[in-house]
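Work through the exercises below with the structure open beside you. Try each task before you read its solution.

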Amino acid sequence: MLRHLARVVAAAAAACTLQLGATTPNGDWMSQIGYPGALQTPTAFMAPEGSLGFGLSRTLPYNTLFLSGQPFEWLNFNARYTEITDRPYRSSRTGQTYKDKAFDLALRFYPGGGFMPALSVGIVDLGGTGLFASEYVVASQRFFDVYASLGLGWGRLGSAGDLRNPLRAVSDRFLERPRGFVGGVDRGGTIGYETWFRGEDVALFGSLIWRPSFLPDWTFMAELEGNDYSDEPAIRPVSSPSRVNVGIGYALADYASLGASYLRGDTFSFELALHPRSRVNERPPGKPYLPVLDEAVHPAYQRRLPADDEQRLEQLYDVLRYAGYPVHAMDLAPDGENFTVWVSGWGSDSPVHQLQAVGRHAANYLPQRVRSITIVTMAGGAEASRISAPRWLIEAEGRGQATVEELVVQSAFAPGEARQIDRARYPDLLRYPTYAWGVQPTVRTNIGGPTAFFLGQLLLAPYFTFQATRSLSLTTVLGVSVVNDLDRLNEPIRSGTLPPVRGDLELYQSGSGDVYLAELEANWLFPIASQWYGRVSAGIFEDMYGGVGSEVLYRPYASRWAVSVNANYVRKRGYEQRFDFLDYTVATGHLNLYYRTPLAGIVVHASAGRYLAKDVGATLDLSREFRNGARFGVFATKTNVSSAEFGEGSFDKGFYVFLPLSIASKGQKSPGLAINWRFLTRDGGAKVDDGRPLYSVYGSHHAGAVYER
């Protein structure tokens, strides 16, 4: 078998000339299990950064549901549920089959180039029960339209035992690997690092993927597995007459594909995958052009401006509002040479683009005596940042006589002032109250539970925001059921001895009925001093809690870090999610430290304090932020409770993905697709989703944003 694989790879190499590098075409590169691969075997080819994939595959005796993400071009994570169709759920009263929850991680250490292949290392079932635990090293190279991979597998991926473990040369301890459950069903969620790359034997695996240029929607695959299916978690033996798999894939669109394959010499498999790439590292388009200076157009088309300053400012107000920059206030003395305008930056989140757009509009309408233009960006009712530039330089850049870099270097970027807007000559130009409303689709799910593999609810979420003043808002969000089978949920299975602050989530999902109140929250955001901001919130914060909360944020404009303190007193809501509450109350609070690293888009958030179950500890959150507001992140929380008190999983950990629906937040706190995945949902280390976090409002307004163009 190995000689056959070697002959296939050698034939492909002889027939084709190596392309430069190990780059890949537009493709999802998701295996039937979710990690980067062909059918069942891994590859070092990965999707472009910012990609997010969902998939379903059926390969008896397993059904797999997975979510795969690519926060960096060199890092892939994969979360999946696997249904073992012949294994009963350990505590089900409905005859449900066992559902295994797992997390995989793949790192590409070398991207490849010239005659050198790409190289990846992966851990399969990183924090699950260990039923599918494997590790691998794989090299991948492209030969024109053929993509070849060859690797070594440990654990399940190496059960065929072709070779002795090469790591025995490092230490004899690599020859011993626990068999069967690593953590056991009751210890799922622990990191089984003690088994990584261990075992007496390893196996070779490899794949050939052909994506013919003359059939761009089709993919043809053949692979040799390292798994001989001799030690599977299924109850009945899994037959495997052959280690060779073949398959075919068809792209339904740029974001969806279908696949069919013949595996193990006796099993047909099918797959449906969605793999959207939202161009997350590009800024949202905003306005597709910058305004043209009047002096650059033919005199017949130039504006006829009134002599009166106030009439000119009224026209400028209308133009800026139409361009996506609502004006809060303006300041221009009768004989003054300095003009200041306070705007909301909905038209663009780039400070430089705001300077170009608002500055050119202002230059078109302001009287000739004005020599300096200051643009103040407002956020959450307070000044977030200031940009001041000479008028002549704005006009020179608009005429092409100065570069954008020269404009940036000679402009002054500064933090916002606390209450300068109240002293403007023309304040309160943005009239209050204002309103925003709409309807967004949303879903609630319960996956892998003892009642059923997948239960869900499709809802419409009508929202209404009443903006009473620049700083005070009231938001209401309802949940209106469209399709629902969450009412089939049974009583939750308890694990651990902590108060059920999150462990009874099923009771909220099944008890909310056809219409429920998701949020009824008032937020008052206000400036304290320059670079200091405050928030007071009250109401129903989320599905499970309501109460009062407050926060203070210090965001030094010229620094990469910020610090905040928040405190809340909350009460647990009734299961029907209306206006009734249960008896459980708790005071929580955290000290938060944020740091935007020099690495592109990586934000570190560390917090310490008291959690909902009255446990005390700390949380570490690492996230990658993209330019359009999308985020991929991982987190872990450890508190002062023992593993026995916490229950299965030992400590809270997981990842999250957020894909924005728009730049401007109109209504809900997070307008977009939010996915939060935990290894296990337990009560320790749980926080309340209180109010509007100040860092989400002011965190992106810093000096470094000038260079994130």
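**Exercise 1. A contact across the chain**

Task: Find which residues Ala 418 is in contact with, leaving aside its neighbours within four places in sequence.

Solution: 
- This is a predicted model.
- Start with the location. Ala 418 sits in the loop between strand S18 (412–415) and strand S19 (434–447).
- Now list the contacts. Beyond its sequence neighbours, Ala 418 touches Pro 527, Ile 528, Ala 529 and Ser 530.
- Ala 418 has a relative accessible area of 22%, so it is partly exposed.

**Exercise 2. The nonpolar patch**

Task: Which strand gives the most residues to the nonpolar patch?

Solution: 
- Collect the members. Leu 56, Trp 210, Phe 214, Leu 215, Trp 218, Ile 248, Tyr 250, Leu 252, Leu 258 and Leu 272 make a nonpolar surface patch of about 900 Å².
- Name the strand. Strand S11 (residues 244–253) contributes the most, with three residues.
- Take one example. Ile 248 belongs to strand S11. Its relative accessibility is 32%, so Ile 248 counts as partly exposed.

**Exercise 3. The salt bridge of Glu 232**

Task: Which residue forms a salt bridge with Glu 232, and how far apart are the closest N and O atoms?

Solution: 
- Find the partner. Glu 232 pairs with Arg 156, and the closest N and O atoms are 2.9 Å apart.
- Glu 232 is in the loop between strand S10 (218–224) and S11, while Arg 156 is in the loop between strand S7 (146–155) and strand S8 (163–164), so the pair ties together parts that are 76 residues apart in sequence.
- The cut-off is under 20% relative accessible area. Glu 232 has 14%, so it is buried. Arg 156 has 13%, so it is buried too.

**Exercise 4. Buried or partly exposed?**

Task: Arg 369 and Asp 309 meet in a salt bridge. Decide whether Arg 369 is buried or partly exposed, and do likewise for Asp 309.

Solution: 
- Note the distance. It is 2.6 Å, N to O.
- Arg 369 lies in the loop between helix H3 (351–365) and strand S16 (372–379), and Asp 309 lies in helix H2 (residues 309–322), so the pair ties together parts 60 residues apart in sequence.
- Read the areas. Arg 369 has a relative accessible area of 24%, so it is partly exposed. Asp 309 has 19%, so it is buried.

Note on methods. Residues are numbered from 1 along each chain as its sequence is written. This is a predicted model: local features need pLDDT of at least 70, side-chain atom pairs count only at pLDDT 80 or more; totals for chains, interfaces and linings use all residues. Side-chain values use heavy atoms; hydrogens and water are left out. Patches are made of residues with over 30% relative accessible area and no salt bridge: like charges are joined within 9 Å, nonpolar side chains (Val, Leu, Ile, Met, Phe, Trp, Tyr) within 5 Å. Accessible areas come from the Shrake-Rupley method with a 1.4 Å probe; for residues, only the protein chains shown count as cover. A salt bridge is a side-chain nitrogen of Lys or Arg within 4 Å of a carboxyl oxygen of Asp or Glu. Helices (H or I, at least four residues) and strands (E, at least two) are DSSP runs, numbered from the N terminus. Buried means under 20% relative accessible area, exposed over 50%, partly exposed in between (1.4 Å probe, protein chains only). Contact means heavy atoms within 4.5 Å.
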